[in-house]
Amino acid sequence: MDTSRSQEPLNALERDYGEAWAERYDAIFTEVDEAALVFLEALSGPERRAVELAVGTGRVAIPLARRGLEITGVDISTSMLARLEGRVDASSVNVIEGDMAEVPVEGLFPLIFIAFNSFFAISTQDRQLECFRNVASHLRSGGRFVLECFVPDMTRFDRNHRHESERTSERGNVIENDLSFHYPHVQRVDSRITARFPDGSEAILPVSIRYAWPAELDLMARLAGLELEERFEWYDRKPFGRDSIRHVSVYVSP
């Protein structure tokens, strides 16, 4: 029997992620790479304006705002946005609660970006394409759409499309046990991560994604009227190659 949750309301999984993770997110994911800030700032144009979709708790948006950018952050999770707005420098970010696939902003921008694989939280191919089209409608001529995504790795899963692992978070003091199930016919992975924190507490955190290959993202972009301008392995502009496990892709509006 197929236990995929593909019949969930279209954006319910995105909302569930934010509501479940908000309280613990900043304890697991802390610093943002300086290279990311430099890269994104350079694409913000003379207007120095940008939109971050899936802004979360402001991990990227607030440091960019500190650098003088006018940042609009969109997120569907009330709890994530409450965490962002509770930060001392949150007033520097214009916050909009809404569905990132709909890109609920007004006007045209030089830069719209989605960091940290969050594009894959959009749960169907149709809605991912919708996101591209809505992004395109809010980019000025020459504006860029930047996606940071992992490259799918099918070797993670056994013959039953199951994966289990234990790892430490990027901060090095949170232990995570990951149990994932893969549904290749819909390019879907549902995971449950049990995180153990230094104070002895635990949390069970859900993650559901609809992954896409780089070539598939490029096709979505072309269907939306955008073109791939450049692709790197990371924000430091390391070349993207056959062994790359992640990519930063830049799409440009004509």
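1. Start with R231 and F240. In this predicted model, R231 lies over the face of F240, at 5.9 Å from the ring centre. The cut-off for a charge over a ring is within 6 Å of the ring centre. Please look at this contact with that limit in mind.

2. A second contact of this kind involves R24 and F197. The charged end of R24 sits over the ring of F197. Here the distance to the ring centre is 4.1 Å.

3. Now the aromatic pairs. How many does a search of the whole structure find? The count is 13. One of them joins W21 and F29, and this pair is stacked. The centres are 6.0 Å apart, with 20° between the planes. W21 is buried, at a relative accessible area of 2%. F29 is also buried, at 12%.

4. W234 and Y235 give another geometry. Their ring centres lie 4.9 Å apart. Their planes meet at 75°, so this pair is edge-to-face; the label requires planes over 60 degrees apart. Buried means under 20% relative accessible area.

5. Some rings form a group. Which residues belong to the cluster linked by ring pairs? The members are F119, F120, F132, F145, F150 and Y251.

6. Strand β8 covers residues 188-196, and strand β9 covers residues 202-210. The two strands pair in the antiparallel sense, over nine bridges. R188 stands opposite R210 in β9. Five residues lie between the strands. In this hairpin, G200 takes a positive phi near 90°.

7. Is strand β9 largely enclosed or open? Seven of its nine residues are buried, so β9 is largely enclosed by the rest of the structure. In a regular strand, side chains alternate between the two faces of the sheet.

8. Last, helix α4, residues 78-85. Which of its residues are buried? They are M80, L81 and L84. Seen down the helix axis, the buried residues of α4 fall within an arc of 95°. They therefore line one face of the helix.

Terms used: Residues numbered from 1 in each chain as written. Predicted model: local features only at pLDDT ≥ 70, side-chain atom pairs only at ≥ 80, totals over all residues. Heavy atoms only, no water. Phe/Tyr/Trp six-rings, centres within 6.5 Å; stacked < 30°, edge-to-face > 60°. Buried < 20%, exposed > 50% of the residue type's maximum accessible area, 1.4 Å probe, protein only. Lys NZ or Arg CZ within 6 Å of the ring centre and 35° of its normal. Helix = DSSP H or I, 4+ residues; strand = E, 2+ residues; numbered from the N terminus. Pairing = 2+ DSSP bridges. Arc of directions from axis to C-beta.
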